[in-house]
Amino acid sequence: MVGQNPFKWRHFQAEIIILCVRWYLRYSLSYRDLEEIMQERGLSVDHTTISRWVQKYAPELEKRCRPHLKTCNDSWRVDETSIKIKKVWFSLYRAVDSDGNTLEFLLSPIRDAEAAKRFFLKALHGPASSVPHARLLEEPVIQPEASADFTTTAPTPRVINVDKNAASPKAIADLKAAGLLPETAELRQVKYLNNLIEQDHRFIKRLTKPGMGFFSFETAWRTLQGFEVMNMIRKGHLRGVAKGDVEGQVALVRTLFGVIA
């Protein structure tokens, strides 16, 4: 939180930028909706400007939130949902623990054993945002190095529940064979146990609908990072801010960016 001002040289005040970014990542609003809302408040902000703000500060928000995440438990629920990019469906791998706390997420152009393996590697070395997303795509089975800047929030899984897709069991078997996942980790394919994460998908899907899809992989990934971290904040997954404490959540985001109330 200390260092170079992330809003240096910006035309608008930091409070306005944070407000627009936070509202877009938290509520089902389009960029044009936010443009009109700002006009009602006497501010002329073009929707493309708000879009650039989201692309800039959504990944930054995730990066600043990661060290403050609460520790997850060792019961994982893993599933994929679909995200449309330029009229093509991509897979968003997501995992939560049995309490509903988000473990990790990964956007992938394919849904196969290699993609599942990349996702499990990212989750095992969580919070794992210290590993660039592009590198994970290029080096799917290389063990990422832990970063001293982040606190591990994902313990070694005791049980991993997945759907009936054959890719996940194969990926888990490969990780066990490579010694990256303990043999004691139990794999379960029980449909009703994944209801928790399937319901958690709703928050992400509800936010992607107003934009009617993304136009590039990079913009989709940057925006999804913001959606996911705001979902974590909403669920009370960050230390010091409880679920339902809206004022505390607002204050947290402002504090992370060094914006004085």
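Predicted model: local features only at pLDDT ≥ 70, side-chain atom pairs only at ≥ 80, totals over all residues.
Which residue in β4 is the bridge partner of W76? Residues are numbered from 1 along each chain as its sequence is written, and side-chain values use heavy atoms, with hydrogens and water left out.

**Figure 1. Overall arrangement of the protein.** The protein contains 9 helices and 5 strands, where helices (H or I, at least four residues) and strands (E, at least two) are DSSP runs numbered from the N terminus. Their order from the N terminus is α-α-α-β-β-β-α-α-β-α-β-α-α-α. Of the 261 residues, 51% are buried (buried: under 20% relative accessible area, with a 1.4 Å probe and protein chains only).

**Figure 2. Strand β1 and its pairing partners.** Strands count as paired if DSSP finds at least two bridges between them. β1 pairs in the parallel sense with β4 (residues 159-161) over 3 bridges; the partner of W76 there is I160. With β2 (residues 88-97), β1 runs antiparallel and is joined by 10 bridges, and D79 has R94 as its bridge partner in β2. The β1-β2 hairpin has 2 residues between the strands, and K86 takes a positive phi near 50°.

**Figure 3. Nonpolar cores.** A nonpolar core is a set of buried Ala, Val, Leu, Ile, Met, Phe, Trp, Tyr and Cys residues joined through side-chain atoms within 4.5 Å. The largest has 48 residues, of which F7, L25, W53, L61, L107, F227 and F257 touch the most other members. Helix α1 (residues 14-26) gives the most to this core, with 9 residues. Another core, of 21 residues, lies apart from it and includes A123, A171, L181 and A185.

**Figure 4. Surroundings of K235.** K235 lies in the loop between α8 (217-234) and α9 (246-256). K235 is buried, with a relative accessible area of 13%. Its side chain makes a polar contact with the side chain of D200 at 3.2 Å (polar contact: a pair of N or O atoms within 3.5 Å; within protein, one must be able to donate a hydrogen and the other to accept it, and residues adjacent in sequence count only if both atoms are side-chain atoms). Leaving aside neighbours within four places in sequence, K235 is in contact with V96, G100, N101, T102, D200 and K243 (contact: heavy atoms within 4.5 Å).

Conventions
Buried < 20%, exposed > 50% of the residue type's maximum accessible area, 1.4 Å probe, protein only.
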